[in-house]
Amino acid sequence: MTEPILEFDGVDVEYETRGGTAVHAVNDATFAIEEGDYFGLVGESGCGKSTIADAVVGGLDENGAVTGGTIRFKGTEIQDYSEKQFNREIRWKEISVIPQSSMNSLDPVMKLSQQAAEMAKYHTDLSKAEAVDRLRELFDVVGLSESRIHDYPHQFSGGMQQRAIIAFSLFLRPSLIIADEPTTALDVIMQDQILDHINELKDDWDISMLLITHDISVVFENCDSMAVMHGGQVAEAGDVVELFDRPRHPYAILLQKAFPDVRYPDRELAVIDGHPPQLREKPDFCTFADRCPWSTAECYDGAPDPRPVEGDDDHLAWCVRADEMEELAAEHLRKPPEETSILKGGR
Ligand SMILES: Nc1ncnc2c1ncn2[C@@H]1O[C@H](COP(=O)(O)OP(=O)(O)OP(=O)(O)O)[C@@H](O)[C@H]1O
């Protein structure tokens with residue numbers, strides 16, 4: 001097997017806050033993105049998804065730092081790269097970022113063609129005319145009219161700006177794209193179109209993707225492999241089909257039931273009550289335990305280690321009861337609605 005393109009190995013990220021306390025935003029995060037894979041990172045707000053993306057690109061807020069573990073890109077440790085070093089050595093050429101909104105990525109006072117020329121000047125031997133030609137080709141790839149390359153960003157709608165960002169993200173033919181909630185700011189129709197474009201890249205470009213979202217159905221529809229995060233911990237990771245068919249972490253099971261499934265249009269959606277804990281210290285317990293219908297005293301006795309799910313060593317669940325979960329979940333989810341405090345629909 002070839003080396004993963006991006007590997008997190010026991011990564012901790014902390015933010016210092018005023019008064020000297022810390023927020024332990026990511027704890028012992030471990031997962032790998034194989035070359036050519038689209039990898040989805042999913043979890044509720046505040047679970048640490050953007051912190052993971054920022055840690056890769058040296059873009060943590062000033063009060064944040066990777067305090068443990070390693071992040072390897074193509075085998076090279078990059079967890080200590082500053083944003084400056086990352087920008088110089090890796091950004092655009094190797095890793096591009098598609099952010100939630102293009103506001104921070106596109107220069108509002110420069111035409112898009114000028115921005116392409118600037119990028120080419122710093123990173124390539126292309127002439128200005130060649131750079132503009134390349135942007136023209138990429139506009140075609142993302143479904144934008146070539147005639148718009150001399151426009152300013154503000155002349156574009158939000159959806160068009162996101163397409164332009166995707167075009168720029170491909171400009172230097174990187175091997176990994178990190179897309180952090182790339183469609184959240186868009187309407188539903190536009191979300192679909194952008195995801196379609198992102199998906200089409202898979203066939204025509206030799207690219208891997210880290211797609212960050214709170215919507216597990218987006219991951220199921222667009223990715224090959226995935227990790228589910230909860231409360232600063234990775235809960236489950238593996239092949240998308242595996243996690244869809246055989247989720248073994250309680251949070252992954254309940255999250256799956258919280259989103260619509262076209263196969264069960266009449267199903268009521270699950271609600272996961274409660275809030276994740278404030279992590280002032282590195283958690284030495286499962287951060288889902290307080291909200292978990294199946295938690296036991298053992299869940300508070302140390303952070304859970306990853307357990308391979310039977311039959312697939314690449315499918316890992318960070319749950320002490322992972323082996324029992326198929327049975328427990330089936331029993332719980334069969335209960336009628338009034339008997340369950342977690343699931344509205346009782347499925
Ligand atoms: N600069 C910061 N200082 C202190 N705490 C921070 C900082 N940035 C993020 N956090 C905290 O770190 C935790 C993880 O935040 P993060 O933004 O990575 O989560 P997320 O899963 O991306 O959430 P969302 O989906 O809402 O963007 C949260 O508790 C958040 O409040």
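Okay, let's start with the overall layout: the chain is split into domain 1, which covers 1–94 + 176–190 + 201–340, and domain 2, which covers 103–173. Those bounds come from an automatic or database domain assignment. Keep in mind that this is a predicted model, where local features need pLDDT of at least 70 and side-chain atom pairs count only at pLDDT 80 or more, while totals for chains, interfaces and linings use all residues. Residues are numbered from 1 along each chain as its sequence is written.

So, how do the two domains sit? Their centres, taken over C-alpha atoms, are 32 Å apart. Eight residues of domain 1 are in contact with nine residues of domain 2, and contact here means that the C-beta atoms, placed from the backbone, lie within 7 Å. On the domain 1 side, the touching residues are seven nonpolar, no polar and one charged. For those classes, Ala, Val, Leu, Ile, Met, Phe, Trp, Tyr, Cys and Pro count as nonpolar, Asp, Glu, Lys and Arg as charged, and the others, Gly among them, as polar.

Now the ligand. It has 16 residues around it, and the closest are Tyr 15, Ala 25, Ser 45, Ser 50 and Thr 51; a residue is near if its C-beta atom, placed from the backbone, lies within 6 Å. Two elements give two or more residues to this shell, β2 (22–33) and α1 (49–56). Helices (H or I, at least four residues) and strands (E, at least two) are DSSP runs, numbered from the N terminus. Which element gives the largest share of the shell? That's α1, with three residues. By class, the shell has four nonpolar, ten polar and two charged residues.

Next, find Val 66 in strand β4 (residues 64–73). Why does Val 66 count as buried? Because Val 66 has 22 C-beta neighbours inside 10 Å; buried takes 20 or more other C-beta atoms within 10 Å, exposed 12 or fewer, and partly exposed is in between, with C-beta atoms placed from the backbone. Leaving out residues up to four places away in sequence, Val 66 touches Val 11, Val 13, Ala 55, Ile 71 and Gln 79.

Lys 74, in the loop between β4 and β5 (76–77), has a positive phi of about 50 degrees although it's not a glycine. Glu 181, in the loop between β7 (176–180) and α6 (188–204), isn't a glycine either, and has a positive phi of about 45 degrees. Lys 74 is partly exposed, with 16 other C-beta atoms within 10 Å, and Glu 181 is partly exposed with 19.

How values were computed. Contact = placed C-beta atoms within 7 Å.
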